[in-house]
Amino acid sequence: MASIFIYNRARGNGVELNSPHIAEEDINGLRSVLPKNLEGIAFSSPFNHSENQSMDHWRVEDREPRVAEYLKSVGNRLEDLGQVPAALRCYDLARRLSGNDEILMMKVRALNRSGRADQAARLLHRISEKHPDAPEPHFMYGKLSLNRSDYAQAAAHFAEAKQRLRENNVEHKQLGKMLDIYQKFVSIYLDRDQLRNLPREDCIAEIPRLSARTQDLIDTIRHDGNPEIQGMLFFLENQVAVFKKWLSEMGATASA
């Protein structure tokens with residue numbers, strides 16, 4: 001039976017993941033996309049005999065739901081390290097063991113982060129057809145639209161996601177907070193694009209208000225611990241600078 005070893009050498013602990021549904025070809029596929037010097041995951045015991053004797057916490061896990069949870073965690077870690085092909089293989093294995101469709105959303109996220117938006121969109125279509133009342137696919141559709149700077153489409157998808165939130169769902173409460181941030185982000189850019197339709201004096205009056213909204217969102221994100229939205233800061237801070245530049249070019253001041 002093929003095994004995957006997850007370990008922390010410094011802490012002296014680890015787990016050997018065993019499942020009859022993990023085949024040798026799965027191991028070979030995962031091994032082929034992992035850096036050879038990556039610590040923390042191996043396909044044979046990463047310790048010699050004397051080290052094994054001194055391991056404080058080493059065990060074998062063969063319960064498939066638990067094996068799937070470990071594989072999800074490994075996939076997340078690999079994704080954070082930029083090892084997306086390896087993360088995708090871990091997610092596929094976890095899904096096979098658990099049958100949990102939520103793992104497909106993790107795969108969509110990884111595909112999107114690696115620039116494979118078309119594949120992400122096709123997988124999202126399958127998920128949304130199977131789970132039409134779920135908010136998560138629409139949330140991800142909105143993020144894909146943001147990648148194309150299609151703010152109107154993003155706003156529509158975020159609104160669809162918000163309509164599908166269930167009040168008594170703990171995970172949906174967290175998603176709702178995220179949606180609030182994304183909707184504010186999108187609304188800034190939608191209103192920015194409408195500036196071109198305003199008369200000059202109205203535009204001069206509107207830019208400071210829009211800049212203040214942008215700064216408020218920057219402050220909110222800075223105080224939020226969620227790493228996903230921290231990437232918005234670069235765009236928002238740049239937009240504040242652009243607003244100031246526009247006012248200067250129009251012969252107005254930032255406080256106009």
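Is R166 buried, exposed or partly exposed? In this predicted model, R166 counts as partly exposed because its relative accessibility is 43%, a value that lies between the limits of 20% for buried and 50% for exposed. R166 is located in the loop that joins α8 (151-163) to α9. A134 stands 32 residues from R166 along the chain, and the C-alpha atoms of these two residues are 9.3 Å apart.

The aromatic residues were examined next. A pair of aromatic rings is described by two quantities, the distance of the centres and the angle of the planes. In total, 7 aromatic pairs are present in the structure. One of them is formed by F185 and Y189, with ring centres 5.0 Å apart and an angle of 45 degrees between the planes, and this pair is tilted. F185 and Y189 both belong to helix α9 (residues 170-194); because they are 4 residues apart there, about one helical turn separates them. F185 and Y189 are both buried.

A further pair consists of F234 and F235, with a centre distance of 5.4 Å. The planes of these two rings meet at 85 degrees, so the pair is edge-to-face, the cut-off for this class being over 60 degrees. F234 has a relative accessibility of 58% and therefore counts as exposed, whereas F235, with a relative accessible area of 47%, is partly exposed.

Ring pairs also join F139, F158 and Y182 into a cluster.

Methods. Residues numbered from 1 in each chain as written. Predicted model: local features only at pLDDT ≥ 70, side-chain atom pairs only at ≥ 80, totals over all residues. Heavy atoms only, no water. Phe/Tyr/Trp six-rings, centres within 6.5 Å; stacked < 30°, edge-to-face > 60°. Helix = DSSP H or I, 4+ residues; strand = E, 2+ residues; numbered from the N terminus. Buried < 20%, exposed > 50% of the residue type's maximum accessible area, 1.4 Å probe, protein only.
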